[in-house]
Amino acid sequence: SRSYRAGRGDIPRTSCGKLLNQSTVTLTIMAKTIQAVRGMNDILPAASAAWQYLEDTLRDVVHAYGYQEIMLPLLEKTELFKRSIGEVTDIVEKEMYTFDDRNGDSLTLRPEGTASCVRACMQHGMLHNQVQRLWYTGPMFRHERPQKGRYRQFHQIGVEAFVMAGPDIDAEVIFMTARIWQRLGLQDTVLQINSLGTLAARAVYREALVKYLREHESGLDEDSRRRLDSNPLRILDSKNPDMQALIEGAPQLPDYLDEASRQHFSELCALLDAAGVAYEINPRLVRGLDYYTKTVFEWVTDQLGAQGTICAGGRYDGLVEYLGGKPTPAFGFAIGLERLLALLLAADTEIPSNQPHVYLVLNGQQAVHRGMVFAEELRTRLPGLRLQTNCGNGSFKSQFKRADKSGADLALVMGDDEVDAGALILKSLRHETDQETLSQQHAAARVKEIIGLD
Ligand code: ATP
Ligand code: MG
């Protein structure tokens, strides 16, 4: 926005912010306010309690299974993602934020966490003669078309388990995801699973699939035609509605499974059955890359429109070797937190508040002086208490307005009279109850009683 005040005559409109003819004219060109990068969201205070609740719950659940946090950089060498995610994927072909740094090294803002996690485990020798159960969380970056449930900066929590080859760990990780939805009070989530088999089994399937797709080449869209040679399995994952009928008619992966993978899959299903975790077998659920093996799974919901996958995971026994390590079994998933949050907000789960319990109203110079110290004493005596002190004076009326806006349940009021008497006034901000006068000494016990701190 721009405003001009011309002294004499008219000022030529100009798009640059220079002051023209300073001696005779005052010209103010206010800079256009800077907006966030498209697709990158601020999480404002009104939404942060729900985020924190989500993060706390997720952390509790992964810890309940003995997983440890690994904290990874946001930037990695571009090569890591090119190699691990694969050159012929949406992410690497068109979604990465890649740039040369000042040394001319090509770096990329991480589009996902698995690659970094594997890189870190290899770099720190964490995969020798030991198993690892790890989790991470944080922002990921993909240059996609922003829309509901799809952003350019979004957040994931991911879990990776290394050096365990059996269906038991697959089941454990899937149980963990089921427990997350349950803890969050989410009901409309559906688990889909499939097995990709070994690389050898998949090669035979791939041939059959390519043969079928070639026979129907006229029905393929441009992306799919391009992937026919490079990554045909990804075609099954196409979101183009015009291709769904063609995809439905394609040969199905489960018919090509090798015996060991079949066995692994049926044991996984038996474990899910035994634990009462319902699932659907989706024969078209795939991953395009060679290092994926055996189990794949997704949790989907119809509550979020087109962006209905909230969690995707599976086994990737080939990745560590692919990145230069020893052959290492691996299983993991990532949850999209924005989508999960949207689901949480639509459910009627109660979200704990982070707003203050108590607002301290201070009227008069002595009251401010004593009140600041009293507030510290109260916080020391009542860990867990959220207490906001009025700063910057103000009339009773304006202080009570702030108190109300703070979300606090209680106001404690101290004026200079109360200071002299060692007293306080306690007033409910939410209920029509009489105010109480109490001694400062007894305030902690009374506050604790009213707000129910443990
Ligand atoms: P999609 O098919 O929706 O593009 P994807 O296969 O690219 O998903 P993954 O790489 O498997 O997704 O990421 C795991 C999860 O992260 C997804 O299931 C989704 O919940 C979330 N996610 C992925 N991309 C985005 C995005 N751009 N914005 C918000 N969440 C995302
Ligand atoms: Mg995607």
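How many aromatic pairs does a search of the whole structure find? The search finds seven; rings of Phe, Tyr and Trp (its six-membered ring) pair if their centres lie within 6.5 Å, with planes under 30 degrees apart counted as stacked, over 60 as edge-to-face and the rest as tilted.

Select tyrosine 291 and tyrosine 322, which form a tilted pair, 5.6 Å centre to centre with 50 degrees between the planes. This pair links distant parts of the chain, 31 residues apart: tyrosine 291 sits in the loop between strand E10 (280–281) and strand E11 (295–300), and tyrosine 322 in helix H10 (residues 319–322). Helices (H or I, at least four residues) and strands (E, at least two) are DSSP runs, numbered from the N terminus. Tyrosine 291 is buried, at 7% relative accessible area, whereas tyrosine 322 is partly exposed at 48%; buried means under 20% relative accessible area, exposed over 50%, and partly exposed in between (1.4 Å probe, protein chains only).

Next, select phenylalanine 297 and phenylalanine 333, an edge-to-face pair with 6.4 Å centre to centre and 70 degrees between the planes. Phenylalanine 297 lies in strand E11 and phenylalanine 333 in strand E13 (residues 330–336), 36 residues apart. Phenylalanine 297 is buried at 0% relative accessibility, and phenylalanine 333 is buried at 3%.

The model is predicted: local features need pLDDT of at least 70, side-chain atom pairs count only at pLDDT 80 or more, and totals for chains, interfaces and linings use all residues. Residues are numbered from 1 along each chain as its sequence is written, chains are lettered from A and ligands numbered from 1 in the order in which they are written, and side-chain values use heavy atoms, with hydrogens and water left out.
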